[in-house]
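I opened this structure for a first look and kept notes as I went. The entries follow the order in which I looked things up.

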Amino acid sequence: MLELHSVSKTFGAIVVADAIDLTLVSGEALGVIGPNGAGKSTLFNLITGLLRPDAGRIVLDGVDITGLSPEARCRAGIGRSFQIPQPFDHLSVFENLAVAAQFGGGLSETDAVQHCGLMLDLTGLEAKANRLAGSLPLLDRKRLELARALATRPRTLLLDEIAGGLTDAECHQLVETIRTIHAEGVGIIWIEHVVHALLAVVQRLVVLNFGKIVAQGVPSEVMRSREVETIYMGVPA
Amino acid sequence: MSVESIDMPASREQRAVEAPVWQVRVGTRLSRVAAVAGIALVVVLAALPAFAPRNLIQDLIFVLTMLTLAQLWNVLAGWGGLVSVGQQAFVGLGAYALFAGIVMAGLDPVAAIPLAGLFAAVIAAVLGPLLFRLEGPYFAIGSWVAAEALRLICAQFKSLGGGTGMSISPSELSQMVGLKTVQALLGLRPAAARDVLVYWLALLLAVLVTLGIYAFIRSRHGLALAASRDNAAAARSVGVRTARIRHMLWIAVAFATGMVGAVVYLQKARISPDAAFSVTDWTAYVIFIVVIGGVRTIEGPMVGVLLLWGLVTYLAQYGSLYLVVLGTLAILIMLFMPRGAWGAAARRWQVQLFPTQRWLGRSR
């Protein structure tokens with residue numbers, strides 16, 4: 001279980017996280033939506049430790065992880081994909097996963113090979129396993145983000161806009177993959193603008209705006225809420 | 001919206017347990033041939049003093065020590081992304097530690113070499129946390145400044161010759177471990193025997209450092225280092241302790257660089273702060289070797305050092321023109337062969353004598 005207790009972060013005068021309280025029950029799939037600049041990716045950086053909160057606590061399975069480094073949090077079971085793909089350019093696709101499986105996933109070299117093979121198969125990257133990651137086109141880089149996050153064997157997986165730019169068929173495939181991962185008991189927090197893909201997976205939806213949670217609950221109800229209409233349709237509050 | 005769920009979980013777990021579906025290979029048939037050829041070459045080099053003239057042995061001491069420094073810089077900057085312009089600091093510290101060990105502590109020169117490496121490593125461990133606060137070009141400048149500071153500190157030790165330096169007398173070196181054996185074995189005078197002994201030490205160091213680096217690059221830690229270099233934030237997010245691995249590499253490289261410094265100055269038997277901490281001799285030439293040979297390959301520094309040796313041998317008579325040629329060559333290679341001479345050849349003909357990429361394939 002992952003808990004955020006009134007987590008706040010500001011960059012100068014800009015509040016990117018404003019006393020956020022959020023709980024992800026083990027094995028839950030949670031969707032996060034919100035306009036650009038709402039603080040969605042910042043939320044992920046706070047959870048994974050790339051940013052330290054100015055105030056508040058982050059607790060994983062009852063243990064306070066607020067002071068832990070990103071690498072320690074990954075080892076503790078938090079995996080993430082980056083919105084803008086961050087591959088290790090001079091390593092092959094397989095090697096990108098291998099480093100994640102051995103360090104984040106704690107696997108031996110031999111076990112890592114099998115695990116990475118499975119993850120490449122699952123994400124449709126197996127045919128490109130030996131290409132340099134830096135030579136991949138954008139969509140494959142996004143697949144690599146997912147595959148590498150999975151290679152760390154996360155119990156909580158943070159996905160940051162991985163469906164954008166996909167065709168309907170590819171998007172369908174991705175949704176199936178994420179459902180498969182979720183069915184294995186992995187908790188998921190998914191930031192996504194492709195709302196129909198998101199709604200096919202998540203059980204709960206959170207709406208962020210100006211670093212605040214402005215609505216949350218059952219996805220269908222949240223999507224009909226006044227807050228979402230205000231933000232996305234410009235209907236005055 | 002309904003999506004069919006697929007029953008992957010159970011079958012995935014089972015497949016992993018049953019039999020390995022995937023396998024990884026790194027070596028090729030060519031690399032195995034190269035390994036055998038490499039062993040043969042080392043044996044020939046080890047036997048060389050029996051029939052080679054003394055000036056060739058002296059030249060090869062230069063080649064082997066420069067090769068070792070180039071391999072070390074390559075792993076630090078090429079694989080690790082730590083572009084240091086201050087490696088002369090560790091050459092100088094190793095050299096001074098050797099002289100201090102011999103003159104002040106009365107140590108045997110051969111025994112003092114690993115201690116010299118250790119001394120350089122300790123200083124590197126102290127400097128590391130300061131320098132790693134800087135990134136990219138700032139780190140490069142910082143490492144250079146640190147080296148200059150250490151040069152000035154070494155110049156303060158009057159007992160080690162201060163700013164003008166000092167020499168070790170042949171008599172102090174005549175009792176060196178192994179020297180009498182070499183003299184008797186090859187029928188040489190003490191000075192020539194010392195060259196042979198230093199040559200063997202340089203050869204040993206070059207072989208150990210090259211193999212050590214190659215093994216490291218192929219290990220999980222080598223992978224973690226490459227990931228840290230390519231993208232530190234992403235590496236941390238997949239569980240790599242980027243700061244620790246860089247620091248360990250920095251110390252290990254300083255240790256070996258210090259030993260090279262000790263070996264070089266054991267042969268020279270004369271030291272001064274300006275020479276031992278020379279950025280030109282111990283860093284600029286080293287970067288030249290790696291750049292013209294090919295960065296981020298084990299073969300690159302080997303090719304590079306042979307090119308440099310050739311240039312030094314045939315152009316030295318032309319005085320300063322020689323430096324103009326070196327500079328021009330470096331610029332041309334950077335423009336037209338950014339991967340260096342070996343890198344370009346390896347790409348053109350698809351050859352790798354020391355392959356590093358892990359190739360994934362299905363077992364069946």
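Entry 1, ground rules. I am working with a predicted model, in which local features need pLDDT of at least 70 and side-chain atom pairs count only at pLDDT 80 or more, while totals for chains, interfaces and linings use all residues. Residues are numbered from 1 along each chain as its sequence is written, and chains are lettered from A and ligands numbered from 1 in the order in which they are written.

Entry 2, the sheet. I looked up the strand order in chain A and found an open sheet of four strands, β2-β1-β4-β5, with antiparallel pairing. Helices (H or I, at least four residues) and strands (E, at least two) are DSSP runs, numbered from the N terminus. Two strands pair if DSSP finds at least two bridges between them. The edges of the sheet are β2 (14-24) and β5 (63-64) of chain A, each pairing on one side only.

I followed β1 (residues 2-11) of chain A and noted seven bridges to β2(A), the two running antiparallel. Leu4(A) faces Leu22(A) in β2(A), and Lys9(A) stands opposite Ala17(A). β1(A) and β2(A) make a hairpin with two residues between them, and Gly12(A) in the turn has a positive phi of about 60°.

I found helix α1 (residues 40-48) of chain A lying across β1, β2 and β4 (55-60), at about 65° to β2(A). Axes are lines fitted to C-alpha atoms, for helices over the stretch in contact, and angles run from 0 to 180 degrees between N-to-C directions.

Asp61(A) has phi near 50° and sits in the loop between β4 and β5 of chain A. Asp61(A) is partly exposed, with 13 other C-beta atoms within 10 Å (buried means 20 or more, exposed 12 or fewer, partly exposed in between, with C-beta atoms placed from the backbone). In chain B, Ala269(B) has phi near 60°, in the loop between α12 (242-268) and β3 (270-271). Ala269(B) is partly exposed, with 19 other C-beta atoms within 10 Å.

I looked up the contacts (C-beta atoms, placed from the backbone, within 7 Å): 42 residues of chain A are in contact with 32 residues of chain B. On the side of chain A that touches chain B, α3(A) gives the most, with seven residues.

Key. Contact = placed C-beta atoms within 7 Å.
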